[in-house]
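Here is a short briefing on one protein chain. Take a look at the sequence and the structure, then read the points below.

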Amino acid sequence: MPRDMGFLIGEKLAQKGILDQRKLKDAMEKQKISGRLLGEVIVELGYATEEQMAQALSDQLGIPYVDITRQKVNKDVIDIVPEAMAREYVVFPLFRLENSITVAMKDPLDIRVIDRLKHMTHCDIDPVMSTRAAILKII
């Protein structure tokens, strides 16, 4: 995620009342020192939950957020992605519609993973956002 995107996500969290300006500034300072993504720092500091961060990123990026712990698992698509690969890439196939598979991803902008899934499944991949914890739990 580009640095200015991190700032924008921090501002979005502040606008939603999840993060105040003091906490945003603190997180940005820690992010500069660590070089990690601002969202990771905000969650690590306990200023927002992983789910709040994923929902804010979903809004920011225009990619749907799905709480997969509340989804009915479609047993027809589970085996499309081997468990080891699902854990490695933090992805979970939700359902298939014709030649398109909707996949919950921790990082739905990771083109490398999307391309790998596309090549492996011979289907188009429609990524949606979910949290790392929720995806690993459902796997």
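In what order do the elements of the protein chain run from the N terminus on? The order is α-α-α-α-α-α-β-β-α-β-α. That comes to eight helices and three strands. Keep in mind that this is a predicted model.

**Overall shape**
- The C-alpha trace of the protein chain spans about 50 × 25 × 25 Å along its principal axes.

**Surface and contacts**
- Of the 139 residues, 40% are buried.
- The protein chain exposes about 8,200 Å², and carbon and sulfur atoms supply 50% of that area.
- Among contacts with a separation of 6 or more, 54% are between residues 24 or more positions apart.

**The hairpin**
- Strand E1 covers residues 91-97, and strand E2 covers residues 100-105.
- The two strands run antiparallel, and six bridges join them.
- One of the paired positions is proline 93, whose bridge partner in E2 is valine 103.
- Two residues lie between E1 and E2 in this hairpin.
- In the turn, glutamate 98 has a positive phi of about 55 degrees.

**Serine 58**
- Serine 58 sits in helix H4, which covers residues 50-61.
- Its relative accessible area is 8%, under the 20% cut-off, so serine 58 counts as buried.
- The side chain of serine 58 reaches the backbone oxygen of isoleucine 63 at 2.3 Å.
- A polar atom of that serine 58 side chain also lies 3.2 Å from the backbone nitrogen of tyrosine 65.
- Beyond its neighbours within four places in sequence, serine 58 is in contact with Ile63, Pro64, Tyr65 and Met129.

Notes
Residues numbered from 1 in each chain as written. Predicted model: local features only at pLDDT ≥ 70, side-chain atom pairs only at ≥ 80, totals over all residues. Heavy atoms only, no water. Pairing = 2+ DSSP bridges. Helix = DSSP H or I, 4+ residues; strand = E, 2+ residues; numbered from the N terminus. Buried < 20%, exposed > 50% of the residue type's maximum accessible area, 1.4 Å probe, protein only. Polar contact = N/O pair within 3.5 Å; in protein donor to acceptor, adjacent residues only side chain to side chain. Contact = heavy atoms within 4.5 Å. Areas by Shrake-Rupley, 256 points an atom, 1.4 Å probe, with all protein chains shown as cover.
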